[in-house]
Amino acid sequence: MDLRGKTLSASGFHAPERGRIDVLDDVLFDISDDGIITAVHRHGDPNYRTIREARDLAGQIVTLPKGTYILPGFVDLHVHAPQYPQLGAALDQPLETWLTQYTFPLEARYQDLAFAKRAYSLLVEDLLAGGTTTALYFATIHQEATRALADICLEKGQRALIGKIAMDNPDECPEDYRDASPEAALEGTRDFIDYLRAHPDNADGRVLPVVTPRFIPSCTDATLEGLGEIVRRCGCHVQTHCSESDWAHAYALKRYGKTDTEMLDHFGLLTRKTVLAHANFLTDDDMDLVKAREAAVAHCPLSNAYFANAVFPLKAALDKGMHVGLGTDISGGPSASMLENARSAVLVSRMLDSGTDPKLPAGERSANTGSQIDFRDAFYIATTGGGIALDLPIGRLEPGFKFDAVAIDTRADKGTIRLWDEFDTGEAILQKIVYTASRANVSSVWIGGAKLR
Ligand SMILES: O=c1[nH]c(=O)c2nc[nH]c2[nH]1
């Protein structure tokens, strides 16, 4: 049911800060007509009963069934929308081969608007069904297809941030899939920003434009400089890939004698609203710079296992106070599920922590002991961390935040969660949700209080 102007009676979980899960046991969420949480009344509050009776009398209360729990909707911080048709394909190639032989030819197809609309509609539907209420999308270089992605998000109600990709370097991009010149790359970026800002269905800014240099290898200096100037003027979000693999990290060092992070900063592309995808090879100085600029990393654990040649030190980044969210990196990562990626974040952190070579004695197996995270950190980056990274009031269930939420039905017949009343209470329920839930357990999805599924 649409929850705008209503009160939801439910139990659930969110992570107001790193390391702390707030167990919301039988609470009332007051939701405004424009879909913002205005109050959360807890069962133990002195005026809980009075408030409940008043809301009940006004016919305002919507109650979730027992065994169903509310979570913040997932914030996917790194999605290549056009790559959905190759999800689960070509994962045995190194990044540079995967890009040139598979990914660029697929993305080039998006000049066909009918193909673009078909792929993008399916993707947005599937992400919503899995509980992704906000997605930060790379589109392609094509203006029409990128506009179509924005229209589809608006029509289906998904919160989204979308970038028309800028890529114009003839040395690294194929002739049939690159911006014709720096001017074309910059004009395309500006046109898409203007399109979204003037869109009649986007008055509330549900879909935001993102300045999107694909990564340093694919852009000329003139384009990177021009994009920095656009960011200064428009204050938009920025997204790009940063120091992802040995090859990508070495590229900037060879071209400039500096790291990706240093060069992005040089071009004015490292801001409070910048999201750096992957960032596996950040140096200590890079990390300091990212933190100082309050930029964020989109950690993509599944994709990194295939393409990055290393595990991102998530725990070190979180301990340092860097902004970090979670990304599926469709299709570098073969799963569109944020829950599956949350589990992968735990898994790869365990491998980083223990080391992986069984021939080495335990004491020598890892240079990164103390790297493991738990389900709380994984849940945090999938929700709260994403909201902080984007500087948007999403990812938490507290007053002032949008009611972007999912209901997890732990009793769904075709679902994969099995709870035991004898021992599953409080946080233990969230732990089982994070580790075992699947799409069949996502029973409802709301964005800004509007029920989408
Ligand atoms: O995982 C990735 N996916 C991409 O599409 C891409 N482009 C540059 N670098 C990239 N890495």
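These legends walk through several close-up views of a predicted model.

The model is predicted: local features need pLDDT of at least 70 and side-chain atom pairs count only at pLDDT 80 or more, while totals for chains, interfaces and linings use all residues. Residues are numbered from 1 along each chain as its sequence is written.

**View 1. The whole protein chain.** Let's start with the overall picture. The secondary structure comes to 15 helices and 17 strands; helices (H or I, at least four residues) and strands (E, at least two) are DSSP runs, numbered from the N terminus. Along the principal axes, the C-alpha atoms fill a box of roughly 65 × 65 × 40 Å. The chain has a radius of gyration of 22 Å, which agrees with the value near 22 Å for a compact globule of 453 residues. That radius is taken over C-alpha atoms, and the globule rule is 2.2 Å times the number of residues to the power 0.38.

**View 2. The shell around the ligand.** The ligand is surrounded by His 80, Leu 95, Leu 99, Thr 103, Arg 214, Phe 215, His 241, Glu 244, Ser 303, Phe 307, Asp 329 and Gly 332. By class, the shell divides into four nonpolar, five polar and three charged residues. Here Ala, Val, Leu, Ile, Met, Phe, Trp, Tyr, Cys and Pro count as nonpolar, Asp, Glu, Lys and Arg as charged, and the others, Gly among them, as polar.

**View 3. Helix 3 against helix 4.** Helix 3 (residues 113–129) and helix 4 pack at an angle of about 35°, with their axes 9 Å apart. Axes are lines fitted to C-alpha atoms, for helices over the stretch in contact, and angles run from 0 to 180 degrees between N-to-C directions. The crossing is right-handed; a crossing is left-handed if the near helix is turned anticlockwise from the far one by less than a right angle, and right-handed if clockwise. Residues of helix 3 including Leu 113, Tyr 120 and Leu 128 take part in the contact, as do residues of helix 4 including Glu 144, Leu 149 and Lys 156. Two residues are in contact if their C-beta atoms, placed from the backbone, lie within 7 Å. The contact of helix 3 with helix 4 has ten nonpolar, one polar and four charged residues.

**View 4. Helix 4 beside helix 5.** The axes of helix 4 (residues 143–156) and helix 5 (residues 182–197) come within 11 Å and cross at roughly 30°. Gln 143, Thr 146, Arg 147 and Ala 150 of helix 4 meet Gly 188, Asp 191, Phe 192, Tyr 195 and Leu 196 of helix 5. This contact has four nonpolar, three polar and two charged residues.

**View 5. Two backbone details.** Most residues other than glycine have a negative phi, and most peptide bonds are trans. A cis peptide bond joins Ile 330 and Ser 331, with omega about 0°. Ser 331 is found in the loop between strand 14 (323–326) and helix 12 (338–354). His 278, in strand 12 (residues 274–278), has a positive phi near 75°.

Conventions. A residue is near a molecule or strand if its C-beta atom, placed from the backbone, lies within 6 Å of it.
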